[in-house]
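The following exercises ask you to read packing, pairing and charge contacts from a model. Please work through each task before turning to its solution.

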Amino acid sequence: MSQAGFREEAAIDAISATLAYVEEYLPEDEALQRARGRGQEAGATPISPAGGAALRFVATLIGARTVVEVGSGCGVSGIWLLRGMARDAVLTSVDVEHENQRLAKIAYREAGLGASRTRMIVGRALEVLPRLTDGAYDMVFCDADKREYPEYLTAALRLLRPGGVVAFDNALWHDRVADPAHVDPDTEAIREVGRLVRDDERLVPLLLPVGDGLLCAVKRD
Ligand SMILES: C[S@@+](CC[C@H](N)C(=O)[O-])C[C@H]1O[C@@H](n2cnc3c(N)ncnc32)[C@H](O)[C@@H]1O
């Protein structure tokens, strides 16, 4: 390997070590680890620990009382969100898979979060979201069908109050988004939502390189 090649490899190793440090900075407790294990087993890949911590941070920062989660999975992101929300606040969580929501409910219980803290809705996101009230939510977190991300953004803009936050997990989609060679429908839809969020005058955007990428935006007043 050339000297430049070695330098490049060393730089990549350093970035990987730094990102690993970020992910391990806030270790998950037993309830989250158990939920993560079930999520991985069920194929409902959970948000990364640092991504979850970012959700908790945002929910705390904006004093979130009403949050919509699109893609409950087995409960990892829900626990992180609920731990940032007010003590009596309610998470509305949507998932098309009944079994995943059953496992998510177990995860919330194990995390000490009572059933009154969640409103679980089984159904396809694009059928459920139109039934939710306009302007009634502090935060919308999207982590379901990647090809539907642009449509989740449209729904979020309607659901959020001014000052509310929309967030999308997998905004970097396994390093594919940054690589123009990847043009599969999931990657293209995630790129599109990135462009839409960045170019929308109603939004203040931020792309965080935590986990698989967390795209956030505040809806302006
Ligand atoms: C990546 S997992 C969510 C992981 C979860 N947010 C977490 O961090 O633990 C995606 C979830 O979205 C659900 N899903 C996929 N397509 C959907 C759709 N069109 N509507 C609602 N849920 C969907 C899947 O059943 C799966 O549970």
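**Exercise 1.** At what angle do helix 2 and helix 4 pack, and how far apart are their axes?

*Solution.* This is a predicted model, in which local features need pLDDT of at least 70 and side-chain atom pairs count only at pLDDT 80 or more, while totals for chains, interfaces and linings use all residues. Residues are numbered from 1 along each chain as its sequence is written, and side-chain values use heavy atoms, with hydrogens and water left out.

Helices (H or I, at least four residues) and strands (E, at least two) are DSSP runs, numbered from the N terminus. Axes are lines fitted to C-alpha atoms, for helices over the stretch in contact, and angles run from 0 to 180 degrees between N-to-C directions. On this basis helix 2 (residues 30–42) and helix 4 (residues 76–84) pack at about 150 degrees, with their axes 9 Å apart. Helix 2 and helix 4 are therefore roughly antiparallel, a term for angles over 145 degrees.

Taking contact as heavy atoms within 4.5 Å, A31, L32, A35 and R36 of helix 2 meet V76, I79, W80 and R83 of helix 4.

**Exercise 2.** In what order do the seven strands of the open sheet lie, and which strands stand at its edges?

*Solution.* Two strands pair if DSSP finds at least two bridges between them. The order is 3-2-1-4-5-7-6, with mixed pairing. Strand 3 (118–122) and strand 6 (203–208) stand at the edges, each with a single partner strand, so one side of each has no neighbour in the sheet. Within the sheet, strand 5 (residues 160–169) and strand 7 (residues 214–219) pair in the antiparallel sense over five bridges, and V166 has A217 in strand 7 as its bridge partner.

**Exercise 3.** Which side chain meets R36 in a salt bridge, and is R36 buried or exposed?

*Solution.* A salt bridge is a side-chain nitrogen of Lys or Arg within 4 Å of a carboxyl oxygen of Asp or Glu, and the count by this rule is 15. R36 meets E28 at 2.7 Å, N to O. Buried means under 20% relative accessible area, exposed over 50%, and partly exposed in between (1.4 Å probe, protein chains only). R36 counts as buried at 13% relative accessibility, and E28 is buried at 9%.

**Exercise 4.** Where do D88 and R65 lie?

*Solution.* The side chains of D88 and R65 meet in a salt bridge at 2.8 Å, N to O. D88 lies in the loop between helix 4 and strand 2, and R65 in the loop between helix 3 and strand 1, so the pair ties together parts that are 23 residues apart in sequence. D88 is exposed at 53%, whereas R65 is partly exposed at 42%.

Notes: Angles under 35 degrees count as roughly parallel, over 145 as roughly antiparallel, 65 to 115 as roughly perpendicular and the rest as oblique.
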